[in-house]
Amino acid sequence: MKNSVFLASSFLLLTLSACSQNVDEQTAKETDQLLTSDWQTIADSAAGQQVNMYMWGGSENINQYIDEWVAPRLKKEHDVELNRIPMNDSQDIINQLVDEKFADKSSGSMDVIWINGENFKTAKDNDLLWGSFSGQLPYFNDFIDKDAPEIAYDFGEPVDGLEAPWGKAQFVFVHDESKSPNPPKSMNQLAEWVQENPRQFTYPALPDFTGSAFVRHVLYETTGGYEQYQQPAASIPDLETKLEPMWDYLNSIEPYLWRDGETYPESLAKQDQLYASGEIGMTMSYDPALAASEVLKGRFTESTRTFVLDGGTLSNTHFLSIPFNSSAKAGAMVAINELMSPEAQTAKLSPENWGDLTALDFTLLSLEQQDAMNDVDLGAATLSLTELEEHRLPELSSDYIEIIEKGWLQHVAKE
Amino acid sequence: MKNPLVFIKIILSVLVFLLMLLPFVPLILTSMSFGWQWPAILPELISFRAWDYVLFGSSGTWQAVGVSLLIALIVTAVNVLLAVPAANALVRNSFRGKWLMEAIIFAPIIIPPFVAVMGIHLTFLKLGLTETVIGVVLAHISPTLPYMVRAIMISYQTLSIDWEDQARMLGAGPISRFTLVVLPHLLPGIVAGASLSILISLSQYLITFIIGSGQVVTLSILLFPFISGGDPAIASAYSLLFAGMAIMTLLGLDVLLKKYYQQKSRDTLG
């Protein structure tokens, strides 16, 4: 009895896997053609497809922008149904894709994923991404400066067309104008500000993404600029001693931080809560428009403003990609192309929708399109696009980030 | 003589009531706050932005509530079917390696369930069970079953085998022995286990996300990014909805149980 059940089920499995293998070969051929065929063919085969877009789901604005602005347009103009899937951490979906790769799952449910930095590197190293597709997208060819370092590299990793740029982020400091009318413009001035305003400043404990980015600014300013770090960490022999001024700086401001530096907020969300409730006078964000949308939501006070350092702040690009086993690759390409359209990028710029900076090259846009973007009301809390643009610094590659995050625990948190 | 007792009773119920309801007050206030700076005790302005998004927006809340409840109820039903015979064997029989069986059944209480689920994910992928409600139900059984078994074991410990022997002598077959003698005695244990099983199933995030791959969207899946991402208003609104859903389910269970006992007492009297 038991044996026959076992036999029957294994027979079923065998036939099922045999069937799917045939289908695999067919679809593999068809999808490879998508990487070379012309756009009209791609748009035609995309019609009627359902595209699942996996992205962080913790912002009402971003969710609504996708659900209510992008999805209806895609449906109407291209007959592509965009289905947003909320998740918490891109790491989770990368892990799932690793498993799906290992189990040879050929028809996955993820069609568009939103990644950058470390997640992109993991995905690329494990062959989890479909192929070099971005060169096929009309808006990518028309409006993107392909050779710009922030487009061709993602945290030091060559992009190779595996992902298409969706937007840019830039680090800004957030302060309350009514409490500190003259914000510091360099790390030295920040140290003075911190001493004059004890317990009003802190940063999220590393490895928090934003806290880690703050420390990288300290690195740039205390050790003499970013240029020297545009090479692999292993090729700098005396890196340890080079980093010392950074640890000294962080330790020198520590006694004047929130709670006298005895502890740090565990995440940016916690730190923002401290700022929102007025317990600290300054916070930070890797999203230059976050402060403006928090003002709109009534969480931050009206007098909230942002500022950058005279020496510039870090910026990075975030990308959209298609996993190797997406079941709707043509649809995914159409959706990504649409998300990069000047109209969608202009809508995304508004803090009511999101406030995310455009990935498009401003100079490639027509005058009307440029005007449309300039007309977007960024809110009083957001700096102008030109001011942000003029203060942009490149990111560090992930091997440095690892060294800094480990070093911080040892040199700053423990001491 | 009687009055002090009544007085104490009232004070105690008020205390319990406050302890249960007090945590909800800040949640309600946060979910409707617009600008809430220290040291104000109450928000300056009221806004229904969060509730508007959660209840009427594009968030898909109601479907997620339905999926959450469906999964929790199936998981609980399966748990009852598995736990009754398991508890029976563990309480009434002594056999070699019993401690090992107990250890295996209760292991999920101690071992974080996602450890097992990481491994299960690969197997489920090969079997095509990921992205399905069935797969998620199976995955939810591991963290919930121990509580069900534990609760039913306690019921079994107070049920002497003599009762069934007596029924057998009076001519009851195995089925009526179970439904008329064993089941009524187990029922309080089953209800206690079911409540825990429902609550634990409803609150699973990581397991649901890994096995469901985002295709099975429960309320926890919608709620979690907001809690860790820092929109306290929406996180509070979702939390309240979540609590409401759990409480309604438990109340429903309670009502059904009361009806059952009323019916039973009517039957025995009549």
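**Note on a predicted model of chains A and B**

1. B:Ile234 is found in helix α12 of chain B, where helices (H or I, at least four residues) and strands (E, at least two) are DSSP runs numbered from the N terminus. B:Ile234 is buried, with 29 other C-beta atoms within 10 Å; a residue counts as buried if 20 or more other C-beta atoms lie within 10 Å of its own, as exposed if 12 or fewer do, and as partly exposed in between, the C-beta atoms being placed from the backbone. Leaving aside its neighbours within four places in sequence, B:Ile234 is in contact with A:Glu60, B:Ala50, B:Tyr53, B:Val54 and B:Phe226, two residues being in contact if their C-beta atoms, placed from the backbone, lie within 7 Å. The C-alpha atoms of B:Ile234 and B:Leu187, which are 47 residues apart along the chain, are separated by 38 Å.

2. A word on the basis of this note: this is a predicted model, in which local features need pLDDT of at least 70 and side-chain atom pairs count only at pLDDT 80 or more, while totals for chains, interfaces and linings use all residues. Residues are numbered from 1 along each chain as its sequence is written, and chains are lettered from A and ligands numbered from 1 in the order in which they are written.

3. Chain A holds 17 helices and 12 strands. Its radius of gyration is 24 Å, close to the 22 Å that the globule rule gives for 415 residues, so chain A is as compact as a globular protein of that length; the radius is taken over C-alpha atoms, and the rule is 2.2 Å times the number of residues to the power 0.38. The C-alpha trace of chain A spans about 75 × 60 × 40 Å along its principal axes. Buried residues make up 48% of the 415 residues in chain A, and of the contacts in this chain with a separation of 6 or more, 84% are accounted for by residues 24 or more positions apart.

4. Within chain A, helix α13 (residues 329-339) has 11 of its 11 residues buried, so it is largely enclosed by the rest of the structure. Among the buried residues of α13(A) are A:Lys329, A:Asn337 and A:Glu338, as well as A:Met333, A:Val334 and A:Ile336.

5. Also in chain A, helix α10 (residues 239-253) and helix α17 (residues 398-413) pack at an angle of about 50°, with their axes 10 Å apart; axes are lines fitted to C-alpha atoms, for helices over the stretch in contact, and angles run from 0 to 180 degrees between N-to-C directions. That makes α10(A) oblique to α17(A), given that angles under 35 degrees count as roughly parallel, over 145 as roughly antiparallel, 65 to 115 as roughly perpendicular and the rest as oblique. The contact is made by A:Leu243, A:Trp247, A:Leu250 and A:Asn251 of α10(A) and A:Gly407, A:His411 and A:Val412 of α17(A). These residues divide into four nonpolar, three polar and no charged, where Ala, Val, Leu, Ile, Met, Phe, Trp, Tyr, Cys and Pro count as nonpolar, Asp, Glu, Lys and Arg as charged, and the others, Gly among them, as polar.

6. The secondary structure of chain B comes to 12 helices and two strands, and from the N terminus on its elements run α-α-β-β-α-α-α-α-α-α-α-α-α-α. Of the 270 residues of chain B, 33% count as buried, and its C-alpha trace spans about 75 × 70 × 35 Å along the principal axes.

7. In chain B, α6(B) and helix α7 (residues 133-157) pack at an angle of about 150°, with their axes 10 Å apart, and that makes α6(B) roughly antiparallel to α7(B). The contact is made by B:Pro113, B:Ala116, B:Val117, B:Ile120 and B:Phe124 of α6(B) and B:Gly135, B:Ala139, B:Ser142 and B:Pro143 of α7(B); by class, it has seven nonpolar, two polar and no charged residues.

8. Finally, the contact between the two chains takes 32 residues from chain B and 31 residues from chain A. On the side of chain B that touches chain A, the elements giving two or more residues are α3 (49-56), α6 (113-127), α10 (206-212), α11 (219-229) and α12 (232-269), and α11(B) gives the most, with seven residues. The residues of this side divide into 15 nonpolar, 13 polar and four charged.
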